[in-house]
Each structure stands twice: as structure tokens, then as C-alpha cells.
Amino acid sequence: MRTKSLKKNKINVITLGCSKNIYDSEVLMGQLRANGKEVEHEAPVEREGNIIVINTCGFIDNAKAESVNMILEYADKKEKGLVDKVFVTGCLSERYRPDLEKEIPNIDQFFGTTELPQLLKALGADYKHELLGERLTTTPKNYAYLKIAEGCDRPCSFCAIPIMRGKHVSQPIEKLVKEAEGLARDGVKELILIAQDLTYYGLDIYKKRNLAELLEALAKVEGIEWIRLHYAFPTGFPMDVLELMKREPKICNYIDIPLQHISDSILKSMRRGTTQAKTTQLLKDFRAAVPGMAIRTTLIVGYPGETQEDFEILKDFVQEMKFDRLGCFAYSHEENTHAYLLEDDVPDDVKQARANEIMELQSQISWDLNQEKIGQVFKCIIDRKEGGHFVGRTEFDSPDVDNEVLIDASKFYLKTGDFAMIKIIDATEFDLYGEPA
């Protein structure tokens, strides 16, 4: 065991899971920095620090396994004296705290998703209310996530999010505008709006779906040039948002709308509150209202009771709708969800084969759509330089999950964080190649 160093404590925050977790880590780090603490996000080993905070994900089996492995890795480092303290927070900790405390006793403390003040106290810091909306961003300087609501009121049978994150709570418009203004002052040009469910925004505090009003207010923030919508539930989508998207250039012609499935029997069992006919009409309405908008969706295959016929219906739908972006997951049988009462009767190898088949289908669709972009000019934001390329995105692409535009850095110079007009000269299924127009 190494002896305790007399060095000042340094905190390393590690984030697993989705963009909502990234946001929570950024708020935590903003609070720690305001308390005079030295803090880094996912620092390399040589700068790791002696206090570790792991912000976990507990959504599906793969994510849970990744979180547990990370906790075990740092419990082992603590045992060996390589770090002094390890704290665990986030969704996995919220959902399985008693089990984790029992199985991994070497962790100093576990915290749930709503216990930021208690976590700060354990780290020797005070929760500062006046820091409302201020945080230490971990994304490239040109974009940031803006969490407009927490929790979810939907009854989806397969989802454990309400267990981990609680009921839907919208943030007031004035608070979000203030946060956006602060981000803009720091050089952020693109806001990515996130929540468990954007569609529900405002119902709890304004007694109506108020996403359009929020977007109008955010569009007035000086310095913000793009506003992107993530995770909109299809049932009850506020259609006035589409009218705003069409007339307000700052709102990207892009929406992430997780559909999960399309077979009526599966949708009913999933408790999605919609049908194939309604969903198909909704997507047609989207495309009619905002021609050329990019639609991203996610699907689940292998849900309990999914027959080959259900899967064929889903495949036909994917082929017909030609989504611009699509992710597909094998169903994960989650305890304490409504679907956990059903028999998990689709074998794992069938689940995986179906997911692969959907992604192969999407790969061809993406290829075809990207080939159509060759010769066109797009406004792109330049996120970073990587290897021999500047890496940018069009308004139809979100960071980390969608297409990137690669520009040869040996021939052209671009400034990261800036916008540039880029002509597309070549394309693969998931990447575009361009040069300044």
C-alpha cells in the first residue's frame, strides 16, 4: 500500500451512458470547481487524481455490465492503493444500491440520481444554488447539451427509466434561456436539447405541451446558431414545433424520435399508445411540414412475443420509411418493468441476428441517401481535427451518433468551432467527404 500523499486532492469524474449523464457530470464538475476543487473529466492515468467519481448507466444489460466493470476496476485500484476514494452515482447506483453496497463493499459511498448535494458533501464541497445552469462542459467548445426536463411519465413496458429517474419534471423556460446565454458566452454555437421525453415538455408546469415556446425563446439567444431536438416521444407530439422548425433557421431540420417497433401487437404490448397507421401518418406529416428534414429513430428487436411476422412488418417499415439515421437494439429483459412479467422468449442469437439484419438494411439506405448528397453544398460545423482530417457535421447530423463530414487537412485549413460551407465530393454509408465550397 502506498502512503497517503500530502498532495491536494484531485477528483476524476468518469461518465458512462447517455448524454443526460454527461450533462449531470458537467453540473457536478461545475459545482466542484466553484468550491475550489481540482477536477477533471476522464483524465488519463498519469493525471488521474486520487478521488474517483463514477457516473453510471443502468439502462440495459450491456450498459449495466460496463458500469459494474468500471466500479470493480476502481475498487481494485483502491485496494492496491492507486486511488484513495471511489464514489459511485447515477442510474445503476439509483437502481441497485443495496446490491452494489453488499457486493462491492470497497466503494466509499453510493449515491442516487437526485443526491447531488449529498455527493458534493462527501467530496468536501457545498451545493451552490446560485450556480443554476452553470457547468463545466466536456464536449467540444462549439456544442453543448441542454437538459430541458428530467424523468418520464410514459408507461412503456420495457423501460426502467422512470424507476431510475422518477416522474417527468420540466425546467422553466427562463432558467433554460439563462443557461443557454451562459453557454453562448462561452462560445457554444449549437444546443442539443435532451430529456427522457421532449414531447411532454411543459405539461407539468405550464399545463400544456410547450416545446415550441421554449424553442422560440432559445432561438433569440445571441450566439446560438443551431438548436437540435433529441428524444421526442411520438405519441402526442406538438405539431406547432414543425411550423417553427420550418420558419426559424436556427432550429435544425432534424429530429430524434424513438419509435421502438411498428407491429401493432408489439406496440400494444410495449404500451406505446400508438399504432402502425398513426406512426406512419405522423412521419408523413413531418416530411410534408418540413421537406428534407432528417429523422433519426431507434428500434428494439426480440421483444417478448415478437414473431417472425412482426419482424418482417418492422423490416418492411424500415425499407418504406427510409430513415436518415437509425439505431437498433436487442431487447433487454429488465427487472421491475412491466415487460419483465412476460416470458423473454426470443433467443439471444435470434435477437442479435434480427438487429444485424435491420442495421444491414439501414446501411444500404444510408449509402443511397449519402450518394445523393455528392455535389451538394452544406453548412457544416467543424468539431475537431483528427488524424489527417478536419471533422465536421451538417445540420442533419448529431455528434457521436450520425454522419461526419471529413475534410482533408493536408489540403485545406478550417478553424475548429466555426461554421464552413462544404461541398460533398464523396460518400460512404456513414461518412461524407468534402472540401470548402
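A pocket is an open set of points on a 1 Å grid over the protein atoms alone, with protein on both sides within 12 Å along at least five of seven lines, and its lining residues have an atom within 4 Å of a point. Grid points are joined across faces, edges and corners, and a volume is the space filled by probe spheres set on the points. The model is predicted, and totals for linings use all residues. Residues are numbered from 1 along each chain as its sequence is written.

The second largest pocket has a volume of about 700 Å³. Its lining comprises 30 residues, and D24, V27, T113, L116 and K147 lie nearest the centre. Six residues, the largest share of this lining, come from α1. At least two residues each are supplied by α1, β4 (85–90), α4 (116–122), β7 (149–150) and α6 (173–185); helices (H or I, at least four residues) and strands (E, at least two) are DSSP runs, numbered from the N terminus. Domain 1 (10–123) and domain 2 (143–372) each contribute at least three residues to the lining of the second largest pocket, the domain bounds coming from an automatic or database domain assignment. By residue class, this lining holds 10 nonpolar, 11 polar and nine charged residues.

The largest pocket has a volume of about 1400 Å³. It is lined by 48 residues, of which C18, K20, F59, Y231 and F329 are the closest to its centre. Elements that each supply at least two residues of this lining include α1 (19–34), α2 (61–79) and β13 (325–330). The lining of the largest pocket divides into 28 nonpolar, 10 polar and 10 charged residues, where Ala, Val, Leu, Ile, Met, Phe, Trp, Tyr, Cys and Pro count as nonpolar, Asp, Glu, Lys and Arg as charged, and the others, Gly among them, as polar.

Key: Predicted model: local features only at pLDDT ≥ 70, side-chain atom pairs only at ≥ 80, totals over all residues. Heavy atoms only, no water. 1 Å grid on protein atoms, 1.4 Å probe; cavity = no way out; pocket = protein on both sides within 12 Å on 5 of 7 lines; lining within 4 Å.
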